[in-house]
Amino acid sequence: MLKSMGQCLSPCCDQQGPTSPANSDTGNNSHPRSVYIAGIPLSESKDTGCGEPNPPVSTPGSEWKMFTPYPKLPPIKKQTGGMEAKRLSLISKEVSDAKIQSLFEMYKDKDEDCILADGTERFCMDLEVKPEEFVVLVLAWKLGAETMCEFTRAEFVSGCKAMKVDSIKAIQSKFPELLAEVREKQAFKDLYRWTYKFGLDSASGQRTLPTDMAISLWKLVFSQREPPVLQRWLEFLEKHTSIRGIPKDTWDMFLNFVEQVGDDLSTYDDTEAWPSLLDDFVEFENDRQNQNVTTD
């Protein structure tokens with residue numbers, strides 16, 4: 001890339017004491033409180049002296065409707081709004097394998113069954129990002145790419161399925177989520193270690209990362225959160241042209257190094273098993289600091 005870049009049914013009642021002005025309706029239309037069982041109002045009644053109770057009296061503007069109770073009330077379906085239904089639909093939407101395959105075909109090389117440098121550049125252009133941007137590195141990591149500027153069909157298809165995306169817009173919508181993910185310590189550590197292998201030229205059997213490529217990748221992978229010592233480390237590498245390659249153990253240990261040492265390297269312990277190149281760097285920095293101290 002850098003190369004191109006429920007409702008209760010129990011009876012409930014309103015208990016009350018003897019009728020009084022404080023707890024009864026006013027006027028001649030007052031009626032006793034009712035007990036509700038399964039939605040049916042059963043009114044308290046007064047004996048009329050004829051052996052039958054008075055029928056319930058309704059208040060103005062209301063009607064009592066007697067009905068046969070159901071053995072069980074049917075559940076009430078919750079109505080969801082249009083926006084909520086649309087959101088749930090998007091969440092549950094399955095990605096289309098055919099769309100992913102079609103997307104891959106848009107960028108794959110005409111002679112190879114993979115996306116190469118030109119296709120990667122067009123892919124980034126459609127995503128409205130530059131190949132050298134950090135988010136492109138993260139995207140390549142999520143797609144499981146093993147080689148820079150190259151996506152095999154298997155990598156592209158399986159990576160898109162894992163991210164649940166099948167279009168350019170869907171991939172773009174994932175960018176904030178991807179950037180948030182690598183702000184977590186373990187995810188960034190995985191990204192960092194993967195970056196070393198990603199930078200190797202596997203076609204030529206390269207096993208050690210060239211120093212100039214390592215410098216470019218260190219700048220990129222730390223572009224969102226730069227360690228205080230990074231610039232001095234890169235200057236040290238650029239100044240010492242005899243350092244032609246960065247071994248993997250040096251790359252991996254540098255992440256531990258920047259997490260443990262202070263800005264002035266005061267917490268560096270040379271008795272620990274640091275790679276020799278880091279020992280040389282600390283010695284170089286200490287000598288440079290001493291040269292800046294004048295004596296009478």
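A cavity, on a 1 Å grid over the protein atoms alone, is a set of points where a 1.4 Å probe fits but cannot get out. Lining residues have an atom within 4 Å of a point.

Now the ground rules. This is a predicted model, where local features need pLDDT of at least 70, side-chain atom pairs count only at pLDDT 80 or more, and totals for chains, interfaces and linings use all residues. Residues are numbered from 1 along each chain as its sequence is written, and side-chain values use heavy atoms, with hydrogens and water left out.

The overall picture. The protein chain has 11 helices and six strands. These are DSSP runs numbered from the N terminus: H or I over at least four residues for helices, E over at least two for strands. Of its 296 residues, 32% are buried, meaning under 20% relative accessible area; exposed is over 50%, and partly exposed lies in between (1.4 Å probe, protein chains only).

Eleven residues line it, and F123, C124, L127, V136 and L139 lie nearest its centre. Helices α3 and α4 are the elements that give two or more residues to that lining. α4 gives the most, four.

So what does α3 look like? It spans residues 117-127, with G119, T120, F123, C124 and L127 buried. Those five sit on the same side of α3, because they cover an arc of only 135° around the axis. That arc is taken from the directions from the helix axis to the C-beta atoms. Exposed D118 and M125 are on the face turned away from the buried side. The buried residues pack against several elements, including α2 (97-107), α4 (134-142) and α6 (168-181). After α3 comes E128, with a positive phi near 65°.

Next, the core. A nonpolar core is a set of buried Ala, Val, Leu, Ile, Met, Phe, Trp, Tyr and Cys residues joined through side-chain atoms within 4.5 Å. The largest has 72 residues, and L191, W218, W233, F254 and F257 have the most contacts inside it. α4 supplies the largest share, eight residues.

Which residues does W218 touch? Leaving out residues up to four places away in sequence, W218 touches Y192, L230, W233, L234, L237, I246, W251 and F254. Contact here means heavy atoms within 4.5 Å.

Definitions and conventions:
1 Å grid on protein atoms, 1.4 Å probe; cavity = no way out; pocket = protein on both sides within 12 Å on 5 of 7 lines; lining within 4 Å.
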